[in-house]
Amino acid sequence: MTAALAAAVALLAAMTAVPAQASSTSAFTSASNPVLFVHGYTGDGSNWNTMADRFRNDGWPSSYLDQWTYDWHQSNTTTAQQLSAEVDRLLAATGATKVDIVSHSMGGLSSRSYLKNLGGTAKVDAWVSLGGPNHGTDSANTCLDPSCTEMRIGSDFLAALNSGDETPGSARYATWWSPCDTVINPDSSVALSGAANTKTACLSHTGLLSDATVYAQTRDLINS
């Protein structure tokens, strides 16, 4: 009876711990970081309207939600340099010590370059890639923009970015990939060694931006 009682108590504790954990990660607190959103190829900051609104509904102030827009034609190396300045601007504006970066598609490449090559690991707590071509995609074979050619499988840019540790520093890395994403080919391109890699439901490439489950998982990851 003693063993059975102990087991029941342990089960009850485990069951009651789940809501407590969900509550601690689903709402903005004084420990939450500002979020810097990095869009992908042909995109802009408005791509994040749905996700940013969900963050606001969960308590994040607008000043903590940076829907950044950059010139997506340029090299991801140039964008990484501009991203570095944007991170510093956001930290100064909010008084925070670190940011969380949430990227979509090609936005994952410039932000990874920032972390790896420009000291970003000291200023980023969590980094998220939604449908990122982290190891290239054959969809980039027909484009000519510097940014897009860098997304080609085997490009010099990707070879350098993926050399050594794919998830350097103490930042927390996470990726989400969809088996129905027809833009990122192969699907395995998204996952990174050392990251928490999550398979989504059957979502389109842009559907990753608006899916409620992906949002909730992203929110809880960066806010944990």
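Accessible areas here come from the Shrake-Rupley method with a 1.4 Å probe. By that method, the protein chain exposes about 9800 Å². Carbon and sulfur atoms supply 57% of that area. The model is predicted. Its protein chain has 224 residues, and 46% of them are buried.

**Overall layout**
- The protein chain holds eight helices and six strands.
- Along the sequence, these elements follow the pattern α-β-α-β-α-β-α-β-α-α-β-β-α-α.
- Take the contacts between residues at least 6 apart in sequence: 71% of them join residues at least 24 apart.

**The largest nonpolar core**
- This core has 29 residues.
- Leu-36, Leu-83, Ile-101, Tyr-114 and Leu-115 touch the most other members.
- Six elements each supply at least two residues of this core: strand 1 (35–38), helix 3 (76–94), strand 3 (99–104), helix 4 (107–117), strand 4 (124–130) and helix 6 (156–161).
- Helix 3 gives the largest share, with five residues.
- In soluble globular proteins, nonpolar side chains tend to be buried together.

**Around Leu-36**
- Neighbours within four places in sequence are left aside here.
- Leu-36 is then in contact with Asp-66, Trp-68, Leu-83, Glu-86, Val-87, Leu-90, Asp-100, Ile-101 and Val-102.
- Two of these partners, Leu-83 and Ile-101, are listed with Leu-36 among the core residues that touch the most other members.

**A second core**
- A separate core contains 21 residues.
- Among them are Ala-52, Trp-60, Val-128 and Val-214.

Notes:
Residues numbered from 1 in each chain as written. Predicted model: local features only at pLDDT ≥ 70, side-chain atom pairs only at ≥ 80, totals over all residues. Heavy atoms only, no water. Core = buried A, V, L, I, M, F, W, Y, C linked by side-chain atoms within 4.5 Å. Buried < 20%, exposed > 50% of the residue type's maximum accessible area, 1.4 Å probe, protein only. Helix = DSSP H or I, 4+ residues; strand = E, 2+ residues; numbered from the N terminus. Contact = heavy atoms within 4.5 Å.
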